[in-house]
Amino acid sequence: MIGVLIPTSANITGSHKDKGCSSINQGQWNVLIIDQRLQGITGVELVGKLVKASRETGAATKFVLTAAFSSTGLTISAIKAGASAVVS
């Protein structure tokens, strides 16, 4: 299953963030596509949190970060956080 988190439909704070981590813990997603510009958290920060959660549970979810404009710094940060790819 593929999930997409985009700015207009994702407010990643409070219970939404917990629900996202919960679905990762249950191994429901093969790939998550996450936009860099989210409300309350950056995509890189969210990737880092979700990668940690997926490693703790053994889920094999892959994370792809999207951004309207990319930079070398953003790409390096995303890969270090655990993103499999960055698409801009």
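1. Asp35 is buried (under 20% relative accessible area, with exposed over 50% and partly exposed in between, using a 1.4 Å probe and protein chains only) yet has no salt bridge. A salt bridge here is a side-chain nitrogen of Lys or Arg within 4 Å of a carboxyl oxygen of Asp or Glu. The nearest side chain of opposite charge is that of Arg37, 5.9 Å away; Lys and Arg count as positive and Asp and Glu as negative, while His and the chain ends are not counted.

2. This is a predicted model, in which local features need pLDDT of at least 70 and side-chain atom pairs count only at pLDDT 80 or more, while totals for chains, interfaces and linings use all residues. Residues are numbered from 1 along each chain as its sequence is written, and side-chain values use heavy atoms, with hydrogens and water left out.

3. What does the side chain of Asp35 make a polar contact with? Its partner is the side chain of Thr66, at 3.2 Å. A polar contact is a pair of N or O atoms within 3.5 Å; within protein, one must be able to donate a hydrogen and the other to accept it, and residues adjacent in sequence count only if both atoms are side-chain atoms. A polar atom of the Asp35 side chain also lies 2.8 Å from the backbone nitrogen of Arg37. Asp35 itself is placed in strand S2.

4. The protein chain has three helices and four strands, in the order β-α-β-α-β-α-β along the sequence. Helices (H or I, at least four residues) and strands (E, at least two) are DSSP runs, numbered from the N terminus. Of the 88 residues, 36% count as buried. Among contacts (heavy atoms within 4.5 Å) with a separation of 6 or more, 64% join residues 24 or more positions apart.

5. The largest nonpolar core holds 17 residues, of which Ile34, Val47, Phe63 and Leu65 touch the most other members. Two or more residues each come from strand S2 (31-35), helix H2 (43-57), strand S3 (62-66) and helix H3 (72-81). H2 gives the most, with five residues. A nonpolar core is a set of buried Ala, Val, Leu, Ile, Met, Phe, Trp, Tyr and Cys residues joined through side-chain atoms within 4.5 Å.

6. Val47 is in helix H2 and is buried, because its relative accessible area is 1%. Leaving aside neighbours within four places in sequence, Val47 is in contact with Ile34, Phe63, Leu65, Ala81, Gly82 and Ala83. From Val47 to Lys62 the C-alpha distance is 9.7 Å, across 15 residues of sequence.

7. Ser84 lies in the loop between H3 and strand S4 (85-87). Its relative accessibility is 44%, so Ser84 counts as partly exposed. Not counting residues up to four places away in sequence, Ser84 touches Lys62, Phe63 and Ile79. Ser84 and Phe63 are 21 residues apart in sequence, with their C-alpha atoms 5.5 Å apart.

8. Ile76 lies in helix H3 and is partly exposed, because its relative accessible area is 42%.

9. The mean pLDDT (the predictor's confidence in each residue, from 0 to 100) of the protein chain is 78, and 68% of its residues reach 70 or more. Confidence is highest in H3, at a mean of 96, and lowest in helix H1 (residues 14-25), at 50. Over residues 6-19 the pLDDT is below 50, although this stretch has 20 contacts in the model beyond near neighbours in sequence. Where pLDDT is low, the predicted coordinates should not be read in detail.
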